[in-house]
Amino acid sequence: MKLLVTGGAGFIGSNYIRHVLSAHPDCQVINIDNLTYAGNLENLNDVKSSPNYSFVKGDICDRKIIESLKFDAIVNFAAESHVDRSILDASPFLQTNIMGTHNLLEIARQRDCIFLHVSTDEVYGSTEKGFFSEDSPLQPNSPYAASKASSDMLVRAHVETFKIRAMITRCSNNYGAYQFPEKLIPLVIINALNRKPIPVYGDGMNVRDWIYVADHCRAVDAVLHSGRHGEVFNIGARNEMPNIEIIKLLLKKLAWRLDQNEDELLRLITFVKDRQGHDRRYAIDPSRIERQLGWKPQMSFEDGVSKTIEWYISNKQWWQRINSKEYMQYYDAQYGERLKK
Ligand code: NAD
Ligand code: DAU
């Protein structure tokens with residue numbers, strides 16, 4: 001198979017490419033990524049010289065560049081992915097997440113190739129109790145979630161109208177190596193290593209459902225190879241936790257690992273003004289993919305978090321280089337005022 005992976009220089013895309021190259025030695029992977037602030041080719045240093053891998057710098061909104069490539073299937077990770085940024089400015093989210101997906105769908109339709117759309121549990125919105133199934137209504141609350149829900153709807157429309165061979169996956173919160181420092185888990189680890197305040201939005205009791213990135217990658221692969229066209233699959237590890245508990249767990253583990261005083265690290269926790277429209281709880285039911293495709297997560301949260309801490313400690317240069325001017329400006333805009341209070 002010749003696979004076009006979009007957004008392969010980002011967090012999940014780069015982990016997915018690494019997975020495909022080792023799990024399917026006969027598969028050719030083309031990675032197309034326009035290298036936004038979140039795209040980083042260093043994420044693929046260990047596989048960049050593989051004969052089965054090639055990189056094209058390009059935008060998923062650019063029809064010509066994608067039409068110039070040869071592939072049998074598309075796995076679409078490319079997106080603007082950070083909720084806080086979508087609250088600051090939604091425009092790039094609408095452009096990439098909606099128009100970019102539309103562009104890829106049109107090409108999938110022309111070529112009759114398989115299209116796997118990587119979506120998110122955020123499209124279902126927030127729930128105080130129970131679990132979202134694949135048939136739950138879409139009730140996105142942030143501009144990011146609304147842009148992803150729109151792209152899901154476009155995929156559905158292309159399946160219904162043009163009979164394209166597409167599937168949608170909706171995964172919960174990922175963590176692991178190569179995650180951009182703006183997201184909660186790397187932000188806590190990096191700020192703790194730098195002895196910087198750790199911003200906790202609101203009361204810290206918002207709940208997310210966490211999955212180790214490698215488990216998500218195996219699930220995407222299972223859907224690509226065995227999912228039926230038109231199907232939607234929730235992907236989750238049944239691992240709900242309030243933010244404050246995760247933050248405390250990370251700080252405890254870091255204190256133990258670095259042989260440092262736990263209370264000193266815990267004192268970095270700083271409650272700040274809440275995210276606007278902050279979804280209280282995400283919770284999905286992943287039983288369809290478990291039952292139908294036999295997929296199950298392999299990594300426990302305890303082990304996954306320890307591995308992730310170890311990775312950020314051993315790869316300081318990676319995240320120190322990411323502390324670019326763009327990221328610093330974003331960080332100040334997000335936390336400058338909030339952390340002063
Ligand atoms: P990321 O922000 O780390 O990476 C996104 C990548 O897409 C970057 O490499 C970026 O350069 C690239 N990109 C952005 N706009 C592009 C464009 N117009 N053309 C080509 N490339 C472009 O994101 P991530 O966390 O790896 O998420 C990947 C996908 O998985 C997204 O679609 C996201 O919605 C979805 N998802 C993420 C999570 C999570 O917890 N991170 C959970 C569920 C689903
Ligand atoms: O649920 C899947 C989604 O998970 C993906 O679709 C998104 O691409 C991904 O970014 C993630 O969205 P979240 O908004 O849940 O992730 P984030 O890491 O930004 O925040 C996790 C929780 O932690 C959320 O409740 C907000 C809170 N938070 C976050 C940051 C960055 C804080 O309390 N402080 C922070 O500094």
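Asn 40 is found in the loop between strand S2 (28-33) and strand S3 (53-57), where helices (H or I, at least four residues) and strands (E, at least two) are DSSP runs numbered from the N terminus. This is a predicted model, in which local features need pLDDT of at least 70 and side-chain atom pairs count only at pLDDT 80 or more, while totals for chains, interfaces and linings use all residues. Residues are numbered from 1 along each chain as its sequence is written, chains are lettered from A and ligands numbered from 1 in the order in which they are written, and side-chain values use heavy atoms, with hydrogens and water left out.

**Overall form**

- The protein has 13 helices and 12 strands, and its C-alpha atoms fill a box of roughly 60 × 45 × 40 Å along the principal axes.
- Buried residues (under 20% relative accessible area, with exposed meaning over 50% and partly exposed in between, for a 1.4 Å probe and protein chains only) make up 57% of the 341 residues.
- Among contacts (heavy atoms within 4.5 Å) with a separation of 6 or more, 83% are accounted for by residues 24 or more positions apart.

- Asn 40 counts as buried, because its relative accessible area is 15%.
- Not counting residues up to four places away in sequence, Asn 40 touches Ala 9, Leu 35, Trp 318 and Ile 322.
- Asn 40 and Asp 221 are 181 residues apart in sequence, and their C-alpha atoms are 22 Å apart in space.
- Ser 14 has its place in helix H1 (residues 11-23), and it is buried, with a relative accessible area of 0%.
- When residues up to four places away in sequence are not counted, Ser 14 touches Gly 8, Asn 43, Leu 44 and Tyr 178.

**Cysteines**

- A disulfide is a covalent bond between the sulfur atoms of two cysteines.
- A search of the whole structure finds 0 disulfides, a disulfide being taken here as a pair of cysteine sulfur atoms within 2.5 Å.
- Cys 113 is buried at 2% relative accessibility, and its sulfur is too far for a bond because the closest cysteine sulfur, in Cys 27, is 13 Å away.
- Cys 217 is likewise buried, with a relative accessible area of 2%, and its sulfur is 9.0 Å from the closest cysteine sulfur, in Cys 171, which is too far for a bond.

**Loops and backbone angles**

- Most residues other than glycine have a negative phi.
- Arg 238, although it is not a glycine, has a positive phi of about 50°; Arg 238 lies in the loop between strand S10 (232-235) and strand S11 (240-242), and it is exposed, with a relative accessible area of 52%.
- Asp 259, also not a glycine, has a positive phi of about 55°; Asp 259 is found in the loop between H8 and H9, and it is exposed, with a relative accessible area of 71%.
- Gln 260 has its place in the loop between helix H8 (243-258) and helix H9 (262-266), and it is partly exposed, with a relative accessible area of 32%.
- Leaving aside its neighbours within four places in sequence, Gln 260 is in contact with Arg 195, Ala 255 and Leu 265.
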